[in-house]
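Here is a short briefing on a few local features of one protein chain. Look at the sequence and the structure first, then read the points below.

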Amino acid sequence: MTLPQEEACCPGVSPQDASAMSVLTHLLAVLFGMGSWVSINGLWVELPLIVPQVPEGWYLPSYLSVLIQAANVGPLVVTLMHRLRPGVLNEAAVIYGIVAVGAVASFLLAFFWKETVVVAGAPRSLALLVLTFFLAAVDCTSSVTFLPFMMHLQPHFLTSYFIGEGLSGLLPALAALVQGVGLVRCVNSSQSLNHSGHGARRLEARYQPSNFSAEVFFFFLSAMMLVSLAAFLLLDLHPAVARQQPDPRYSAGSRERSRRSRKRPEQRPMMDPFRPQNHKPRSSLGSSSCSQKQLVFIFVVLGWVNALSNTALPSVQSYSCLPYGNGAYHLSAALAAVSNPLAGFVAMFVSIRSLVFLGFLTVLGTGIGSYIMLMAALSPCPLLVNDGAGAAIMVLAWILFIFSLSYVKVIIGVILRDEGHSALVWCGAVVQLGSLLGAVTMFPLVSVYGLFSSGDPCSTSCP
């Protein structure tokens, strides 16, 4: 496809070349965004294979949750640097560093994830926990570095980045599905307990052996981080991508001047108090014309939807789905993962910036999330537990929940992109803050007070 903006910013370039450059930049933006959360998402989907082989057992997810939240020190430092010392932080260098650390840490996990060290008289998976902290620091910091870097590209490439961010959850999930992680075979327990055939018949869940090892899976994660690193290298240095820059200095071919401009403090703040009252925005919302109340609304919604979709609801996904059967659980997890990049793809063609519409989608997603949370609280006997309609409704609920809130996040990112570089830095910070609040709220409810009871994927007995 040939976009008018690209022809305008690339004088002397034929429409065919401009189209090829556009496709290249869209692809690189997707691959770059893919490295944002791929490591931690991959680690989570691999837990059913890891947990039986480490001394922490099923306490490991709780430890990982604490480590991930502790890793928010990374985005905190970056945000404070932008706030207190604007222009000092070399954004590109930080991205190169954190993606390289993510690739190395994923690679080392393949060799050391099973190694234990005696701490306080008990064996601990020290290497796994330390490397997980580094992976979490990489992924958390990506929220406040990857998004602001996209300011150097034209606005329509931001949706491609969000598609890649969605793929960072989908691709590890698909790899784990091929691996066979978490697949359960239901066996009649009476056959092994009473050979006379008179025992009580009860289906028992037994996990199937995986098709390939956790070591191979971690090598796969490391390769994905290297692909993301290569994509960023091309976005940052490739001349074909440079001509996509909205800044005319890029089209003039002066890479050195553009690099110096990145180091200067941002000239336009998120909200300009001296903006003329008759200033006309380029669109009805965003586009450097959001009022203070609109920005507060946007950031509150952004924090809320990330709290729900990143930590609160995923922490109870197994409780909400397993009572309906193992098939419903895996189907809801897989299709919800597909819904995330699909929302970004839809936003690329249908971008509705109305705050009223975003508010409606947020309320809709929150309502669906409330239903999911209620079914999780009722586990192991939620509504329609012995009815096929119950499983279908739960799968559909997860699809609509993730799709609606993912669309809200993408459009908010597009709006804040028009507000300037610092707006995207704060966008990433609010994403992490919302995720933190969701985790802090749900962790004691799930892991300390035990308010949720898991259903049996093979046999759920309810009155």
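How many salt bridges does the structure hold? The structure holds 1 salt bridge, meaning a side-chain nitrogen of Lys or Arg within 4 Å of a carboxyl oxygen of Asp or Glu. This is a predicted model, in which local features need pLDDT of at least 70 and side-chain atom pairs count only at pLDDT 80 or more, while totals for chains, interfaces and linings use all residues. Residues are numbered from 1 along each chain as its sequence is written, and side-chain values use heavy atoms, with hydrogens and water left out.

**The salt bridge**

- Glu-215 and Lys-114 form the salt bridge through their side chains, at 3.9 Å from N to O.
- The pair links distant parts of the chain, 101 residues apart: Glu-215 is in helix H12 (residues 214-237), and Lys-114 is in the loop between helix H7 (91-112) and strand S1 (117-119).
- Helices (H or I, at least four residues) and strands (E, at least two) are DSSP runs, numbered from the N terminus.
- Glu-215 counts as partly exposed because its relative accessibility is 22%, where buried means under 20% relative accessible area, exposed over 50%, and partly exposed in between (1.4 Å probe, protein chains only).
- Lys-114 is also partly exposed, at 42% relative accessibility.

- Most residues other than glycine have a negative phi, and most peptide bonds are trans.
- Ser-379 and Pro-380 are joined by a cis peptide bond, with omega about 10°.
- Pro-380 sits in the loop between helix H19 (355-378) and helix H20 (388-417).
- Leu-384 lies in the loop between H19 and H20 and has a positive phi of about 55°, although it is not a glycine.
- Leu-384 is partly exposed, with a relative accessible area of 42%.
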